[in-house]
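Open the model in your viewer and keep the selection tool ready. Each stop below says what to select and what is there.

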Amino acid sequence: MARTKIKSTGGSARTISALSTTTTANATALALKPSTLAVPPPMLETADAHSMWCMICRDGGEGPIVLYECNVCPRIMCSKCIEVPDSYVNVVQRPTVSFLCLACHSKATLKSLAPFYGFYTGSLPSQGGKEVLPSFLHLNGKYEMASSSIMAAGPIAFIHFILGGEDPICTLVSIICKFLETFYPNGGFTYVEVTFNVASHERISEYELSQVDRVVHITQHLGHNGRVVAFFSDHSEQDCGWLYAGQAPKENGSGLEYVAMTVSHVLTTVLSAYSTVLKNTHIVFLVCGSVVAHSKPYDQLMSAVLHFKFASAIVFTAKRFQPLVASNFFLAFAELVLVEQLCVRKTFPELLSLSGRLGLHTKVILMTPDPTSPHRQLECTTFARAHTQTQPWGMEVPAQCPQCGSTKSWSEKVALTVRADSHQFAETSNPSVTRYVYSCKYSNCGTAQRLAPHKFIIERPPGFMVNSARTTKVWVVPGAIYILFTPFFDERITQEPGGCI
């Protein structure tokens, strides 16, 4: 039988709890301190701080089309979407005239409505500026985006950290890159692939030295208003949740094998060289769910998110995560979070609603810093697809009856318990379902064992439903999203793991 390439991001590897005693101190210092690479100050901005795309039609400008830049925000509006009278076309382009885009006007007049004039002389209206036009601006078109959207303003860099070795990791980052390049036709987008092997002290030294030029390139590309998005593609050891560090000689000397090390060692060693550009970035971990299935590796992962001060981190829980299944999710993430620059936490349910098939494969964890906490604390939310028959409240229903071995044998109508007291789940108008009871409908289930047909119960966990429609009693829409829980992680109460769990 032919061997095919493995597409998932899990597996088995030899685990090494620490490097040898002669190199441990050096490696620890590297893991705990920020990068000391000599990075020059950023160059002047390589791209205009304003967007290149009209906030109404999402198109650019060429030929006679004029792009008007807002004096308050990076948005622009084009002459196709706002009708400037012919006699005022040259007037509104004078340097003494300020322009206020539709989004900023709407925000400023939220409590006290006012006509949209757009152009003001002397200064903005809040500072006493006077309208340039004799009447309000006429709009051609409609909002196709949220009013808070900002279309791809400022340069952006993708940094893809990917495990090196003989077996390439399946990834979808190139698909997202192709999508984003369209929004940066003048070179505002750059992609940097960082292959790592940090399984020994010598490999760590080679890796750190090889990143100098890349960090310089990214820093100069970003200028003063650029953004970074990072991806971390790696395998995870399925029995303890450690990450693959790279390849090292086998103990019997017969070749190379992959070596897994603690999550804290791998992440700090690989990411520290880029600490100056990773602050306030979004990072996506394309690894299997064993990292979050074991408590100590998961704690180390969350500690790293806090240590590098990421704006957000996205993790998947599938035991054998297939990155290609998440294609729709990441394209939606690129459009809404990167191009339109919407808040990732507020937008996350919408991203998942556009990626229904992803929920059949995995739950998704979103980590963001808690801005209200006086200490460094993460808000970690687990999102799951909810379906009455297959995943009630995101809890998986077994594919096979353990008693008779039949598949897809659960009764379509489930028994359920309801209660009137549902304040815990923000449900006050209707009774709340608290459990589902599933029965095997195979007629001979339990006959051989002289038992009744198999039944099992799924209790409702803490959480609430989002993006779903309901009947009078129970949510039934496939693809609804259930938020299982939102705990907070405080790194002050964590400890370093001593080995595999």
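Select Ser355, which counts as buried because its relative accessibility is 5% (buried means under 20% relative accessible area, exposed over 50%, partly exposed in between, with a 1.4 Å probe and protein chains only). Ser355 sits in the loop between α11 (344-353) and α12 (358-361); helices are DSSP runs of H or I with at least four residues, numbered from the N terminus. Now show Asn328 and Phe329: Ser355 is in contact with both, leaving aside its neighbours within four places in sequence. Contact means heavy atoms within 4.5 Å.

This is a predicted model, in which local features need pLDDT of at least 70 and side-chain atom pairs count only at pLDDT 80 or more, while totals for chains, interfaces and linings use all residues. Residues are numbered from 1 along each chain as its sequence is written, and side-chain values use heavy atoms, with hydrogens and water left out.

Next, select helix α4 (residues 201-210), where His201, Ile204 and Tyr207 are buried. Look down the axis of α4: its buried residues fall within an arc of 120 degrees, so they line one face of the helix. The arc is that of the directions from the helix axis to the C-beta atoms. Glu202 and Leu209, on the other side of α4, are exposed.

Then select Phe232. Which residues does Phe232 touch? Among them are Phe161, Phe196, Leu271 and Phe285, not counting residues up to four places away in sequence.

Finish with the largest nonpolar core, which has 57 residues. Such a core is a set of buried Ala, Val, Leu, Ile, Met, Phe, Trp, Tyr and Cys residues joined through side-chain atoms within 4.5 Å. Those with the most contacts inside this core include Phe161, Phe232 and Met367. Helix α9 (residues 295-307) gives the largest share of this core, six residues.

Key. Helices (H or I, at least four residues) and strands (E, at least two) are DSSP runs, numbered from the N terminus.
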